[in-house]
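I opened this model to look up a few loops, some helix contacts and the core. My entries follow in the order I made them.

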Amino acid sequence: MNMMQDGERYTRMPYRRTGRSGLLLPAISLGLWQNFGHDRPLETQRSILRRAFDLGITHFDLANNYGPPYGSAEENFGRILKSDLAGHRDELVISSKAGYDMWPGPYGIWGSRKYLLASLDQSLRRMGLEYVDIFYSHRFDPQTPLEETMGALDTAVRQGKALYVGISSYSAQRTKEAAAILRRLGTPLLIHQPSYSMLNRWIEPELLDVLGQEGIGCIVFSPLAQGLLTDRYLRGVPADSRASQAGSFSKDMLTAQTLTKVRALNQLAQRRGQTLAQMALAWTLRDLRVTSALVGASSVAQLEQNIAALDKLAFAPEELSEIDRYATDSGINLWAESSRN
């Protein structure tokens, strides 16, 4: 697997400024939530990561409990980083998070200072890194003072273990409060990572305005609604799909009403000369307050198809209004609880 020359790597990928910071992120970033645990061949993971970097994806997004088992995505990423990307650390933006359950007992979950800073140390060890570029509070903790959670993020930066900090799945109001606390501490809030797709538009009424006003970037996850906005479910549920397995995706999400919407959106995508997934990705990037869209990939071919969304990012006003007829909330936001607090 030869790697591309550096010059080629950066010519095709558009990079967008993260809020009012100095950090640019690729319009499409790679998330390691699925497909990078010990249940997948390391060689496949290696080829996806190398190809992603060759295509100009400089940002790799992880969390402490990505796997399975928990921690294994960071371990595998660290291994591949050491063997294949070692000379490129300063060309990469690597993020991790803490907030969901990671280890047993009261100190392995939520938003305490003890959990966040211990988790970051563990993540750094697993990846073989001295620092991450972005460290996130993975969800809002209603029981812990926001000052404590944000204070831990500030400490991570002061310790030299993170360059920037972010939050994920926080409401518009909590985002404002978090930004104010961090500003007082002298560590600005760089970025928010919310779920967002044509079937899950919760960030539009308030959150995007807050991010724009505060100068905070936005990187959206699940832009393909965990596979719903692909051609996989147009004819029902395939046996090998995520909806047929136990886990984060449920068959309950595949209502007849949702599938009708998905099929209508698919026809629109075909008229645009794109796959449904490519249109769905391009659609999340239509607002410049969105810095980047996170995609997963189970193969190099799937990664390449997703990145081809960048070939057609423009939408005519009439296309957008037609999309609006079908792009309505479909009850698939698994992270709503965090952003309701």
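**Entry: Asp-101**

I began with Asp-101, which lies in the loop between strand 5 (93–98) and helix 4. Helices here are DSSP runs of H or I with at least four residues, strands are runs of E with at least two, and both are numbered from the N terminus. I noted that this is a predicted model, where local features need pLDDT of at least 70, side-chain atom pairs count only at pLDDT 80 or more, and totals for chains, interfaces and linings use all residues. Residues are numbered from 1 along each chain as its sequence is written, and side-chain values use heavy atoms, with hydrogens and water left out.

The cut-offs for relative accessible area are under 20% for buried, over 50% for exposed and in between for partly exposed (1.4 Å probe, protein chains only).

I then listed the contacts, meaning heavy atoms within 4.5 Å. Not counting residues up to four places away in sequence, Asp-101 touches Asn-65, Tyr-70, Gly-108, Ile-109 and Tyr-115. Asp-101 and Tyr-115 are 14 residues apart in sequence, and their C-alpha atoms are 10.0 Å apart in space.

I checked the backbone next. Most residues other than glycine have a negative phi, and most peptide bonds are trans.

Trp-110 is in the loop between strand 5 and helix 4. Its phi is near 75°, a positive value in a residue other than glycine. Trp-110 is partly exposed, with a relative accessible area of 32%.

Ser-169 is not a glycine either, yet has a positive phi of about 60°. I found Ser-169 in the loop between strand 7 (162–168) and helix 6 (172–185). Ser-169 counts as buried, at 1% relative accessibility.

Pro-68 sits in the loop between strand 4 (59–61) and helix 3 (72–84). Pro-69 is also placed in the loop between strand 4 and helix 3.

**Entry: Gly-78**

I moved on to helix 3, where Gly-78 lies. Gly-78 is buried, with a relative accessible area of 8%. Gly-78 touches Arg-126 and Met-127, not counting residues up to four places away in sequence. From Gly-78 to Glu-130 I read 52 residues in sequence and 12 Å in space, C-alpha to C-alpha.

**Entry: helix 4 on helix 5**

How do the axes of helix 4 (residues 113–127) and helix 5 (residues 146–158) cross? The two axes come within 8 Å and cross at roughly 30°. That makes helix 4 roughly parallel to helix 5. Axes are lines fitted to C-alpha atoms, for helices over the stretch in contact, and angles run from 0 to 180 degrees between N-to-C directions. Angles under 35 degrees count as roughly parallel, over 145 as roughly antiparallel, 65 to 115 as roughly perpendicular and the rest as oblique.

Helix 4 brings Arg-113, Leu-116, Leu-117 and Leu-120 to the contact, and helix 5 brings Glu-148, Thr-149, Gly-151, Ala-152, Leu-153, Thr-155 and Ala-156.

**Entry: helix 5 on helix 6**

The axes of helix 5 and helix 6 come within 10 Å and cross at roughly 45°. That makes helix 5 oblique to helix 6. From helix 5, Leu-146, Glu-147, Met-150, Gly-151, Asp-154 and Arg-158 meet Arg-174, Glu-177, Ala-178, Ile-181, Leu-182 and Leu-185 of helix 6.

I finished with the largest nonpolar core, which has 93 residues. Such a core is a set of buried Ala, Val, Leu, Ile, Met, Phe, Trp, Tyr and Cys residues joined through side-chain atoms within 4.5 Å. Leu-30, Phe-60 and Met-198 have the most contacts inside this core. Helix 9 (residues 276–284) gives the most to it, with seven residues.

Helix 9 is mostly covered, and nine of its nine residues are buried. Its cover includes strand 3 (28–31), strand 9 (217–220), helix 8 (256–272), strand 10 (292–295), helix 10 (300–307) and helix 11 (317–326). Met-198 touches Leu-276, Met-279, Ala-280 and Trp-283, among others.
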